[in-house]
Amino acid sequence: MKQEKSCGGVVFTRENGKIRYLIIRHLGGHCGFPKGHMEPGETERETALREIWEEVGLRVSLLDYRLVDSYPLPNKPGVTKQVIYFPAEFSGQSIRIQPEEIQESHLVSYEEAMALLPFPEAKRILTETQQFL
């Protein structure tokens, strides 16, 4: 079975002692986390940093924790997508979405993020990140 690999981050900030998560709405309509394909020669962490910068304009600090999601690609029979996420913290910056890929962004509480995320695996990634933090 063929595999594609992407990397990204569960982006968050702390406001008044509370964690706020950045959830993005892709042009396709579903909500999730910033992520994208690895470029040749990149490490997982380099890809995550680049994709977060490109999609939401943030310079983040990646925490030393790695989360893995894997799922079949419905439009590519026989291909599985593996996505590596890192908790990614930012502060004192404005979010600047990439209009070619992102409709909107939401900076929300854990509970609000859970309500926005449509897929069980995305909810699992968020919950694992919340427990780690």
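Visitor: Which residue does Arg 20 form a salt bridge with?

Guide: Glu 112. The closest N and O atoms are 3.8 Å apart. Keep in mind that this is a predicted model.

Visitor: Arg 20 first: buried, exposed or partly exposed?

Guide: Partly exposed. The relative accessible area of Arg 20 is 24%.

Visitor: And what about Glu 112?

Guide: Glu 112 also has a relative accessibility to report: 39%, which counts as partly exposed.

Visitor: How many salt bridges does the structure hold?

Guide: The count is 14. As background, side chains of opposite charge can pair when their charged atoms come close.

Visitor: Let's move to Arg 50. What is the N to O distance to Glu 54?

Guide: It is 3.3 Å, and the two side chains meet in a salt bridge.

Visitor: How are Glu 54 and Arg 50 placed in helix α1?

Guide: They are 4 residues apart, so about one helical turn separates them. Glu 54 is partly exposed, at 31% relative accessible area.

Visitor: Which residues are joined into one network there?

Guide: Glu 39, Glu 42, Arg 50, Glu 51 and Glu 54. Salt bridges with shared partners join them.

Visitor: Take Glu 39. How far apart are the closest N and O atoms in its salt bridge with Arg 50?

Guide: 3.9 Å. Arg 50 belongs to helix α1, residues 44-56, while Glu 39 is in the loop between β4 (35-37) and α1. The two are 11 residues apart, and the pair links distant parts of the chain.

Visitor: What is the relative accessibility of Glu 39?

Guide: 43%, so Glu 39 counts as partly exposed.

Visitor: Now Glu 42. Where is its place?

Guide: In the loop between β4 and α1.

Visitor: What does the side chain of Glu 42 reach at 2.9 Å?

Guide: The backbone nitrogen of Glu 39. The side chain of Glu 42 also makes a polar contact with the side chain of Arg 50, at 2.6 Å.

Visitor: Which residues is Glu 42 in contact with, leaving aside neighbours within four places in sequence?

Guide: His 37, Thr 47 and Arg 50.

Visitor: Change of topic: the whole fold. How many helices and strands are there?

Guide: The protein has 3 helices and 8 strands. From the N terminus on, the order is β-β-β-β-α-β-β-β-β-α-α.

Visitor: How does the radius of gyration stand against the globule rule?

Guide: The radius of gyration is 14 Å, close to the 14 Å that the rule gives for 133 residues, so the protein is as compact as a globular protein of that length. The C-alpha trace spans about 45 × 30 × 30 Å along its principal axes.

Visitor: What share of the residues is buried?

Guide: 45% of the 133 residues.

Visitor: And contacts between residues at least 6 apart: what share joins residues at least 24 apart?

Guide: 66% of them.

Methods: Residues are numbered from 1 along each chain as its sequence is written. This is a predicted model: local features need pLDDT of at least 70, side-chain atom pairs count only at pLDDT 80 or more; totals for chains, interfaces and linings use all residues. Side-chain values use heavy atoms; hydrogens and water are left out. A salt bridge is a side-chain nitrogen of Lys or Arg within 4 Å of a carboxyl oxygen of Asp or Glu. Buried means under 20% relative accessible area, exposed over 50%, partly exposed in between (1.4 Å probe, protein chains only). A polar contact is a pair of N or O atoms within 3.5 Å; within protein, one must be able to donate a hydrogen and the other to accept it, and residues adjacent in sequence count only if both atoms are side-chain atoms. Contact means heavy atoms within 4.5 Å. The radius of gyration is taken over C-alpha atoms; the globule rule is 2.2 Å times the number of residues to the power 0.38.
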